Amino acid sequence: MDGERAQDGVGIEPFEPDDVDLADPSLYLNRELSELEFQKRVLHEAEDERTPLLERVRFLSIFTRNIDEFVMKRVGGLKQQIEAGVTDRTPDGRTPLEQWREIHDELRPMLAAQTTCYRETIRPALADAGIEILDYSALAADERTRLRTYFEDSVLPTLTPLSFDPAHPFPFISNRSHRCRAIVTRQSPGEELTFTRVKIPPNRPRLVELEAGARYVPIEAVIRNNLDLLLPNVEIVDTALFRLTRNAEVRRDEEIAEDLIDMIEEVLEQRRFASVVRLEIEADAHPFARETLQEQLELDEREIYEREGPLDYREFDRLVDLDRPALQRDAWTPRPHPQLTATDRTAIGEHTTKHQSVFERVGETDILLHHPYHDFTQTVQSFLHEAATDPDVLAVKAAIYRTTSDSQVIQSLIDAAENGKQVAVMVELKARFDEQNNLEWVRTLEEHGIHVAYGTIGLKTHTKTALVVREEDDGVELYSHVGTGNYHSETAKGYVDLGLLTADQDIGQDLVTVFNFFTGPSLDEQFRKLLIAPVTMRERFTRYIRREARYAQAGRPARIVVKVNGLEDPAIVEELYRAAMAGVDVDLIVRDICRLRPGVEGVSENVDVYSLVGRFLEHSRIFYFENGAAPDDPAAAETVGDPRYFIGSADWMTRNLDYRVEAVTPVDDPTIRRQLKFVLELTLADNRHVWEMQSDGSYEQRRPGDESAVSTQDVLMEQTRAAASQDEPVAGLIEPYPIDGDLLVEAGPPRSTDTGEVDGDDTEVTNDPEAQLPSETDGGSPRLLDRHEDRWYEPDSRTYEYAVRTPDGQRVYRKTADGAASALRQYYE
């Protein structure tokens, strides 16, 4: 424990700044608009001429998918709130209606930019490279004849025109169907117009090949130009593509649901018919078609997006698989982890010719897995496969949030049950857009006699954990996997995630407690090592942030580096603001949503926010706190400067901290801590794919200029490739690492355990913040720097202005003169 608990349960009083209102809405960015800023960075990968051409096509597809999900979830949820009369304001001061309006205003030019990127840049570049996506007017007569025959033989029989008139109701239109064509017809000139919807079946290819790998025509163009075969004897006045997005925020009250499976099935059914929240339609559509859709779908004018075609780029990513290496990134094949695949060679710590099981190797040392650099099948899947077949394994437990439709993870769990192991599985039915898949897995697992839990009232289970219980010569041992990503072999090829394989018995016992909660009545509030949401995680993270603030107040080095997908929780943002004002250097690597504003004078000048967008989706979470020892707890046996590293499933978002079951594990192994240190420092040094947030919430991408380009993901691929080729089974990566920054790893000088002294400083650390402020009698930072001019220098760094040499020959980095002066005072005054 970190001393006596304060009233809020954290144990360390927060730093209280003077004359700063941390509830001021101007200090907080809007969640939804921050998400759209991330999508701009995704779209930039398609616009960036440095990105290989077919990879740019892939990012057009990714952008469409991301925006669709955003509209379904976030815009749909806001529309529900508006209709329910909700007027509560977010921390940034906006009502649901204000957010809804701003989102549409922001989204419209983004979609226009996507269209411009495709029509003016990517499509011409594809044509120059010999891959043509053709307008019908550009076809030769014989090609039109071929396509008319193709339409008549292969497309026409699958089409069903549905007209809207007094004899026919308005047809149902499915969510996100890009294959909808509105057709305006009349029997003869002067008669009333009729609206007809034709849906292009999804089992017909979107891009019809005229010449394999070289010439394509969109199927919507084929249909448009052959409608006379579908609708003979009428005048076709106009046709227009359109596309709907429906609300995905369909919920039922879990407290009154009689059965969770029935509830999920009902939600899935309701989602099919949920209200429409966006209509995309070709810009030159006939007014009658547009007005009919708007009236029948009850759409506000803001919800209608007139677009130049195409409306949907999701299926264009089939071009990415063409055999055109010059237009693609170099292929990457995930590598086996050297510590898990060594056979008949030096094992960790001893010579042997005996093949070691995964449990023997994990029993010798913790192992850090890093996907997609390390192969999921030969790491996580091997761990579960061996558990299923090892005669000494007694039980296997796993928490499944998302997995593939043909999951080998599930098959291993089934095999384990058939081999007589006790198997318990938590399958989260409420994993959005994976509900149907997970329902099927629940039924499959139960058919094999496996204990399945599939939901918790009021919570989602988001942990990425597995536990193996094994009988060994000296008793029962626990082997754990705690990760940042899902047990999903396909996403593991493109998502950057971490996983810790460990035989640490405290972590294993904590997982026993967590898995007992899934099938039992309540979640324990006491854990040995793991940070578990929603019971201990918020309090522990808050304590670590405040601890850094206490060190900074005392004029000692203090730093926080965090890598997450999202930073949305207002309370955590406020704690980070307080820490920054106390003098803590804060570096935040946040992939998408970030409420915090960096660089605000007097509040967040010590905070930098970065975002990494590259070929892989950054999904790992790493937490680094420079000081592991409590500054006001003389009885602690820890040392000053002994940092804390954590990895796990949780982002710093309210939903993760309060409404999900999450697991974050400390990392104690020095080798793995160095690996995490390298990953963080490499990301902070990236000048190719990293973006820096400005105080207004916008981002600027780093450019290498005259420097050598540093790409985090490229370096990690090369490092992993080199490690896999070693004769000796190295620990994932080869040391020394090419980036060696300033994060502390090893423990610093010992801290006195009887005076409260920290790092040799005579200043006693107390609970009084004023007592911890550095002395101003030295004449200020400039005089300190002058007095010790041979003990600091200006490093070649984009992040740090000062480097201070320490008495033991090391160096520490600081962003400001005050920070450098503080370090000099600590070591030499």
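**Notes on the predicted model**

1. The accessible surface of the chain comes to about 33700 Å², and carbon and sulfur atoms account for 45% of that surface. The model is a predicted one, and its chain of 829 residues has 58% of them buried.

2. As to secondary structure, the chain holds 21 helices and 30 strands. Of the contacts between residues at least 6 apart in sequence, 73% join residues that are at least 24 apart.

3. Helices α18 (residues 670–685) and α19 have axes that come within 9 Å of each other and cross at roughly 145°. On the α18 side the contact is made by Phe-678, Val-679, Leu-682 and Thr-683, and on the α19 side by Thr-712, Val-715, Leu-716 and Gln-719. Sorted by class, this contact of α18 with α19 comprises five nonpolar and three polar residues, with no charged residues.

4. Leu-716, one of the residues in that contact, belongs to helix α19 (residues 712–724). Leu-716 counts as buried because its relative accessibility is 3%, which is under the 20% cut-off. Leaving aside residues up to four places away in sequence, Leu-716 touches Phe-678, Val-679 and Leu-682, and also His-370, Tyr-373 and Leu-733. The C-alpha atoms of Leu-716 and Leu-733 are 8.6 Å apart in space, with 17 residues separating the two in sequence.

5. A search of the whole structure finds 23 aromatic pairs. Among them is the tilted pair of Phe-359 and Phe-383, with 5.8 Å from centre to centre and 55° between the planes. This pair links distant parts of the chain, since Phe-359 sits in helix α10 (residues 358–364) and Phe-383 in helix α11 (residues 377–389), 24 residues apart. Phe-359 counts as buried at 1% relative accessibility, and Phe-383 is buried with a relative accessible area of 1%.

6. Trp-792 and Tyr-802 also form a tilted aromatic pair, 5.5 Å centre to centre and with 55° between the planes. Trp-792 lies in strand β28 (residues 792–793) and Tyr-802 in strand β29 (residues 802–805), so that the pair ties together parts ten residues apart in sequence. Both Trp-792 and Tyr-802 are buried.

7. One aromatic cluster is formed by Phe-541, Tyr-544, Phe-623, Phe-625, Phe-646 and Trp-652.

8. Arg-41 lies over the face of Tyr-699, 3.7 Å from the ring centre, while Arg-791 lies over the face of Tyr-828, 3.9 Å from the ring centre.

Methods:
Residues numbered from 1 in each chain as written. Predicted model: local features only at pLDDT ≥ 70, side-chain atom pairs only at ≥ 80, totals over all residues. Heavy atoms only, no water. Helix = DSSP H or I, 4+ residues; strand = E, 2+ residues; numbered from the N terminus. Buried < 20%, exposed > 50% of the residue type's maximum accessible area, 1.4 Å probe, protein only. Contact = heavy atoms within 4.5 Å. Axes fitted to C-alpha atoms, helices over the stretch in contact; angles between N-to-C directions. Nonpolar A, V, L, I, M, F, W, Y, C, P; charged D, E, K, R; others polar. Areas by Shrake-Rupley, 256 points an atom, 1.4 Å probe, with all protein chains shown as cover. Phe/Tyr/Trp six-rings, centres within 6.5 Å; stacked < 30°, edge-to-face > 60°. Lys NZ or Arg CZ within 6 Å of the ring centre and 35° of its normal.
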